Amino acid sequence: MSHGSSPASQGHALTEIDRSAAPVYVRWERQLPGLMDRLGVAPVGVVQVGAHVGQEVPALVRCGFRRLVMVEPNRDHSAALARELGRHLSGRPEGGRPSQEVVMAAAGRERGTATLHVTEYDQQASVLAPLPPMTVTRLDTTEVIPVREVQHGCNVLVVDAQGAELDVLEGADLDRLDLAVIEGSAEARYRRGATRQAVAAYMQARGWRLVANWTHARANVADMAWLAPSTTLRAAYRADPS
């Protein structure tokens, strides 16, 4: 598409991109490779906040990412996470940085420490206190590291922060990213936790565009894929090459 195309044709292309943003019940990791290919987002590197035991590592590898940074605050999962990475990645340096990196910490606005609330569902541990019916089984102290300190060589961010999504986003350098996949809930499940509406408002205020919306079995929880402002324009050109 020539740079002299009309605003109307660009607007039509953006509408085509947004078509997949209607809620669809499917796992995000199954859809991410196809979405990135359709949008023309290169699989340079990914930071996954809330990596748990690395169950999404195979899907991220299928995307073709050359660098994976796994951020997880629950130290119970460190061995399983390292094992899963080792099955799929060689660990050889990529551009002077390792192809895989495990950061055992919570992601937040600034460096520091926080209390990790580990619940009966270990995948839902959070730096925020859970609301009933979830209960806390133990409290740990975890380091807090902003995403901007570990996102070098990465252009995609995946966030499953159990209510702390806005803290994670405020600690990231969004200008260096092309795509973000963020889990959110329609209703807060943690004290002072962000809802997906709050996440949407935050991203939209910064010019990011919702391009996919994958719902969980619990319909009030969804993974939302957001395209960066500059990447949106590039995708529009690809979608309407007239």
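Student: What do the buried residues of helix 6 pack against?

Tutor: They pack against helix 5 (165–170), strand 11 and strand 13 (221–227). Helices (H or I, at least four residues) and strands (E, at least two) are DSSP runs, numbered from the N terminus. This is a predicted model, in which local features need pLDDT of at least 70 and side-chain atom pairs count only at pLDDT 80 or more, while totals for chains, interfaces and linings use all residues. Residues are numbered from 1 along each chain as its sequence is written, and side-chain values use heavy atoms, with hydrogens and water left out.

Student: Which residues of helix 6 are buried?

Tutor: In helix 6 (residues 196–205), Val199, Ala200, Tyr202 and Met203 are buried. Buried means under 20% relative accessible area, exposed over 50%, and partly exposed in between, with a 1.4 Å probe and protein chains only. The four cover an arc of only 165° around the axis, so they are on the same side of helix 6. The arc is that of the directions from the helix axis to the C-beta atoms.

Student: And what does the face turned away from the buried side carry?

Tutor: The exposed residues Gln204 and Ala205. After helix 6 comes Gly207, with a positive phi near 85°.

Student: Back to strand 11. Where does Ser185 lie, and is it buried or exposed?

Tutor: Ser185 is in strand 11 (residues 179–185). It is buried, with a relative accessible area of 5%. A polar atom of its side chain lies 2.7 Å from the backbone oxygen of Glu187. A polar contact is a pair of N or O atoms within 3.5 Å; within protein, one must be able to donate a hydrogen and the other to accept it, and residues adjacent in sequence count only if both atoms are side-chain atoms.

Student: Which residues does Ser185 touch, not counting those up to four places away in sequence?

Tutor: Thr195, Arg196, Gln197, Asn220 and Val221. Contact means heavy atoms within 4.5 Å.

Student: What else is Gln151 in contact with?

Tutor: Leaving aside neighbours within four places in sequence, its contacts are Val47, Ala172, Asp173, Arg176 and Leu177. Gln151 and Ala172 are 21 residues apart along the chain, with their C-alpha atoms separated by 7.9 Å.

Student: Val47 is on that list. How do strand 2 and strand 3 pair?

Tutor: Strand 2 (residues 45–49) and strand 3 are parallel, over 5 bridges. Two strands pair if DSSP finds at least two bridges between them. Gly45 has Arg67 in strand 3 as its bridge partner. With helix 3 (residues 57–63), these two strands make a right-handed β-α-β unit. Right-handed means that, with the strands pointing away from the viewer, the path from the first strand over the helix to the second runs clockwise.

Student: Why is strand 3 largely enclosed?

Tutor: Because 5 of the 5 residues of strand 3 (residues 67–71) are buried. Both faces are covered: Arg67, Val69 and Val71 lie on one side, with Leu68 and Met70 on the other. In a regular strand the side chains alternate between the two faces of the sheet. Strand 3 also runs parallel to strand 6 (residues 100–103), joined by 4 bridges, and Val71 has Val103 as its partner there.

Student: What do the buried residues of helix 4 pack against?

Tutor: Helix 3, strand 3 and strand 6. In helix 4 (residues 78–88), the buried residues include Leu81, Glu84 and Leu85. Those three cover an arc of only 95° around the axis, so they sit on the same side of helix 4.

Student: Last topic: what does the pLDDT average over the chain?

Tutor: It averages 86, and 81% of the residues score at least 70. Over residues 1–17 the pLDDT is below 50, although this stretch has 30 contacts in the model beyond near neighbours in sequence. pLDDT is the predictor's confidence in each residue, from 0 to 100. Where pLDDT is low, the predicted coordinates should not be read in detail.
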